[in-house]
Amino acid sequence: CSRWSVVLLLAAATPLRAEAPITLEVDASRVGKKILHARLTIPAKPGRLTLVYPKWIPGDHGPTGPITDLVDVKIAAGGKRVAWERDPEDMFAFHCDVPDGADALEVSLSYLPPTTKDNLFSTPMSSAKLAVINWNHVLLYPKGVKIQEVQCRASLRLPAGWKFGTALPNGKSAEQLTTCLLYTSPSPRDR
């Protein structure tokens with residue numbers, strides 16, 4: 001297990017090579033300033049691809065994924081920008097065309113954690129000294145594959161001097177970097 005790796009089983013995704021995991025690198029070094037950055041590498045084949053943001057969050061009783069707090073989404077392949085568009089009916093879906101010759105998409109995005117408690121699903125999750133990091137807040141994944149068929153290597157970079165605690169089994173932990181085993185669940189229509 002490298003310092004950037006962890007297994008993450010994902011819900012509903014497009015057919016991927018089983019041996020090619022998604023990589024998710026989360027930079028929480030500015031979480032005290034209410035911002036998380038993420039970089040994902042998503043294996044893909046040339047052609048039309050739909051990426052989705054987690055809509056159905058375990059323990060919630062509706063489609064409560066905080067899509068309104070997701071900003072600055074950029075998609076590229078081989079270092080060249082790939083145009084994308086929102087689905088006109090499902091704001092959690094992003095459509096793009098993977099260019100010929102590409103075997104992965106590089107996605108960067110940011111998440112702006114809530115600063116006030118507006119309702120049950122938008123509770124502040126960070127301060128200058130404490131943060132609750134929900135992996136599903138910084139994740140896009142291909143639509144259409146069974147949850148058991150997708151793996152992800154995930155990592156988390158913490159602010160300088162921070163320590164971490166988790167109930168999840170840990171991978172390696174280095175200075176300001178840790179890895180954990182993660183899971184998401186499928187939407188009700190994928191069950």
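## A tour from Trp 84

Select Trp 84: at 32% relative accessibility, this residue counts as partly exposed. Here buried means under 20% relative accessible area, exposed means over 50%, and partly exposed lies in between (1.4 Å probe, protein chains only). The model is predicted, so local features need pLDDT of at least 70 and side-chain atom pairs count only at pLDDT 80 or more, while totals for chains, interfaces and linings use all residues. Residues are numbered from 1 along each chain as its sequence is written, and side-chain values use heavy atoms, with hydrogens and water left out.

**Stop 1**

Switch to a cartoon view. Strands are DSSP runs (E, at least two residues), numbered from the N terminus; helices would be H or I runs of at least four. Colour S7, S8, S4 and S10: in that order they make an open sheet of four strands with antiparallel pairing. Strand S7 (84-86) and S10 are its edge strands, each pairing on one side only. Strands count as paired if DSSP finds at least two bridges between them.

Zoom to strand S4 (residues 47-52). Two bridges join S4 to S10, and the two run antiparallel. Pick Val 52; opposite stands Tyr 141 in S10.

**Stop 2: aromatic rings**

Show the rings. A pair of aromatic rings is described by the distance of the centres and the angle of the planes. Rings of Phe, Tyr and Trp (its six-membered ring) pair if their centres lie within 6.5 Å; planes under 30 degrees apart are stacked, over 60 edge-to-face, and the rest tilted. The count by this rule is two aromatic pairs.

Select Tyr 53 and Phe 92. This pair is stacked, at 6.4 Å centre to centre with 25° between the planes. Tyr 53 sits in the loop between S4 and strand S5 (70-77), Phe 92 in the loop between S7 and S8; the pair links distant parts of the chain, 39 residues apart. Tyr 53 is buried, at 1% relative accessible area. Phe 92 is buried too, at 7%.

Trp 84 lies in S7 and Phe 94 in S8, so the pair ties together parts 10 residues apart in sequence. Buried or exposed: how does Phe 94 count at 2% relative accessibility? Phe 94 counts as buried.

**Stop 3: salt bridges**

Show charged side chains. A salt bridge is a side-chain nitrogen of Lys or Arg within 4 Å of a carboxyl oxygen of Asp or Glu. The count comes to five.

Select Arg 39 and Glu 25. Their closest N and O atoms are 2.1 Å apart. Arg 39 is in strand S3 (residues 36-43) and Glu 25 in strand S2 (residues 22-27), so the bridge links distant parts of the chain, 14 residues apart. Arg 39 counts as exposed, at 51% relative accessibility.

Next, select Glu 85 and Arg 48: a salt bridge at 3.0 Å, N to O. Glu 85 lies in S7 and Arg 48 in S4, so the bridge ties together parts 37 residues apart in sequence. Glu 85 is partly exposed, at 44%.

Asp 97 is partly exposed, at 45%. Shared partners join Arg 48, Glu 85 and Asp 97 into one network.

**Stop 4: S2, S3 and S9**

Select S2 and S3. They pair in the antiparallel sense over five bridges. Leu 24 has Leu 40 in S3 as its bridge partner. The partner of Thr 41 in S9 is Glu 106.

**Stop 5: the core**

Show nonpolar side chains. In soluble globular proteins, nonpolar side chains tend to be buried together. A nonpolar core is a set of buried Ala, Val, Leu, Ile, Met, Phe, Trp, Tyr and Cys residues joined through side-chain atoms within 4.5 Å. The largest has 43 residues, with Leu 24, Leu 105, Leu 109 and Leu 140 making the most contacts inside it. S2, S3, S4, S5, S8, S9 and strand S11 (152-157) each supply at least two of its residues.

Centre on Leu 105. Contact means heavy atoms within 4.5 Å. Not counting residues up to four places away in sequence, Leu 105 touches residues including Leu 40, Thr 41, Leu 51, Ile 75 and Cys 96.

**Last stop: Asn 136**

Asn 136 is buried, at 16% relative accessible area. Which residues does Asn 136 contact, leaving aside neighbours within four places in sequence? They are Tyr 53, Pro 54 and Ile 57.
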